[in-house]
Amino acid sequence: MEATSRPAPGSLRRGIERPMHCRRALLQAMLEYTCRRPAFQRQQVPNWGNSSVGGNRHVLYASYLSQNKQNYRCFSSSSDQEWIGIGSRMIHNLPRFVKIVEVGPRDGLQNEKSTVPTHVKIKLIQRLATSGLSVVEATSFVSPKWVPQLADAKDVMEVVRNIAGVHFPVLTPNLKGFEAAAAAGAKEVAIFASASEAFSKSNINCSIKESLARYNDVACAAKKHEIPVRGYVSCVVGCPVEGSVPPSNVAYVAKELYDMGCYEVSLGDTIGVGTPGTVVPMLEAVMSVVPVEKLAVHFHDTYGQSLSNILISLQMGVNVVDSSVAGLGGCPYAKGASGNVATEDVVYMLHGLGIKTGVDLGKVMSAGEFICKHLGRQSGSKAAIALSNVTANASKL
Amino acid sequence: MSSLEEPLGLGDLPKLSINRLGRFCQSGCRARADDRSNGNYTHSNGNDNQTLFHSSSHSWHLQGNYTDSSCNGIDMEFRALPRKVSWDLPRFVKVVEVGPRDGLQNEKNIVPTSVKIELIHKLVASGLSVVEATSFVSPKWVPQLADAKDVLEGVQYAPDVRLPVLTPNLRGFEAAVAAGAKEVAVFASASESFSKSNINCTIEESLVRYRDVTSAAKKHGVRVRGYVSCVVGCPVEGAVHPSKVAYVAKELYDMGCAEISLGDTIGVGTPGRVVPMLEAVMSVVPVDKLAVHFHDTYGQALANILVSLQMGVSIVDSSVSGLGGCPYAKGATGNVATEDVVYMLHGLGIETNINLGKLMDAGDYICKHLNRTSGSKTATALCKLTA
């Protein structure tokens, strides 16, 4: 389902930077876009005629079908060819490649009530590592008092650090955690700050500034050891205590993390309340102080909004997405509600958009099946359930 | 605000200004004058229902170059936004509720007529103006809806509430009109194989049947809603070409359907396929006559709805609590949940006239009766919010 050819990023004259009301500019943009595309994807520019509906948007599509009937037919024989039409800005300026950061083994498992045996965690990570995922968050070096599920961090790390070709960031809330992680062979660490003061105090018992000071120590130590650091910002849209969170707060924290040396900053909608209406201003604010290629989005699907939030983020230029196999990881703020977005659903959408991920969906599904069997419950991924149960050729796409 | 019952929408954002940034900025520089936080909701020419959301109107700064900022000594370096996502969304979206028909029709246990009627009452009370009430098909095929006549008779409302009912042929149409129906719906497939396996005839044959229905409807002054199924994929054929969807949509529109609902029957669509399909259809049917009916079988519905809104579609079909599974993937979900859709629309600042709380009550009611958890993540989250 992947497109065989896409215009190089930046090669498109962006119609989206031109005011929508400027018809001539839009036509110009479309013409340039047409010329840059490979011959087999070129289509005639539709008649710039009048549409009875009114409004410039509709004019684009007047008498399109008759002009392009031939083009439609020529694609029909190629079942793998992703048919791309002109004028659909929404899906043409998307990143060509999206990196998926798998957080299942850590963010997914950490709130499980029953302790998952170390060997099961390791097997899960191994399966995920062979599915094409390049980053798998392995565990967390926090006090077992707070997160008993991940008390075996050292044991997990000792095995997975030998898996080649995949990065395994581990959470380190402070210098002590960092030292334990480095001693256990971790080659990448992650730090978590909140964009909401109230959440910072209730979740990690200190103010945002205090947490940033702590992380600065971690970042300095990591620099000495040449260990890359991934930064997370939580509550980027809403906070379970404060309610809405100003985008400026998020930008501030993201910038602080970036300036202290984080190679990537992951923006997390911790309680899943975001919609594109709040995600866009938040991303705009952050993108004004951190380059977009250093940003990741980490949406929770608690309100079912994550895929649309991910889509809008891709349209904004983000090309790193965090997700959790089988949607592991509930929401501690809404009992019984879901948490992380399922990796399988994300990969399904990305591949459907013609975006490469390097991930083999079947192998991720099998990792998901493995852990769900162990946990004794159904997958949180709709795509995984559908693909496992589909009859006949319903999935033949 | 600590209450999260309503989605955080554009209106909840505190005034965005560089002053806020200045608070955190060590040098505490003064703000730039360029504060557009009140939002440039520019209305493009034409359409009443046009636009709403220019994201750049919420950005702190719209122009690319800030190195000559009048804000001296600022600690932060502003970057030009790599791209501006500027898209028009409808100001108002009509949600067509299909729960009582599309949602319930595959339920194994027969739902009593009184429960169906009460469900429809509650849905209408939440502000939904179009609720697909039932279907006048042979009880042999859909036993769940054998009480169509009684349901319709029990739900007479004010003229501004539309209650379309399915009518697969002239006979069904006549029964519907006799029972008081003022709007009917017809269903054609974009896939030949699905048409044959689902309604036992070719696409052309079904269109002939529906022409009879639309002619009769015209005579009776009854409105007709057209559905196209398998607009992205077919359980038999696989991928469905956009030109086929455009063809069927145009036929339905030309024969007199007031609205055409495009259904991703097996939920396989992603924005990558939805966009070309919509482009094809929009070239032959005006976008304001189009509705989208996405199934959430692969979790893709909201993303597909978002991109449809960006394309100009302003009518969305959904089912309360996500009622209605997928007969082609056992155990998989089907319809997208109305609560999830409304949550997203409200979060985008789009009006729907729907009260989410009352909608959740309707969902609660039917789920209690069916004895299962809601298929809506929004409803589940909002019911279980802890302080």
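Guide: A residue is called buried if its relative accessible area is under 20%, exposed if over 50%, and partly exposed in between (1.4 Å probe, protein chains only). This is a predicted model, in which local features need pLDDT of at least 70, side-chain atom pairs count only at pLDDT 80 or more, and totals for chains, interfaces and linings use all residues. Residues are numbered from 1 along each chain as its sequence is written, chains are lettered from A and ligands numbered from 1 in the order in which they are written, and side-chain values use heavy atoms, with hydrogens and water left out.

Visitor: Why is H10(B) said to be largely enclosed by the rest of the structure?

Guide: Because 11 of the 11 residues of H10(B) are buried. Among them are Ala301(B), Asn304(B), Gln310(B) and Met311(B). A helix here is a DSSP run (H or I) of at least four residues, a strand (E) one of at least two, and both are numbered from the N terminus. After H10(B) comes Gly312(B), with a positive phi near 110°.

Visitor: Why are H5(B) and H7(B) called roughly parallel?

Guide: Their axes cross at roughly 25° and come within 9 Å. Axes are lines fitted to C-alpha atoms, for helices over the stretch in contact, with angles from 0 to 180 degrees between N-to-C directions. Angles under 35 degrees count as roughly parallel, over 145 as roughly antiparallel, 65 to 115 as roughly perpendicular and the rest as oblique. Therefore H5(B) and H7(B) are roughly parallel to each other.

Visitor: Which residues of H5(B) meet H7(B)?

Guide: With contact meaning heavy atoms within 4.5 Å, Leu170(B), Phe173(B) and Val177(B) in H5(B) meet residues of H7(B) including Asp212(B) and His220(B).
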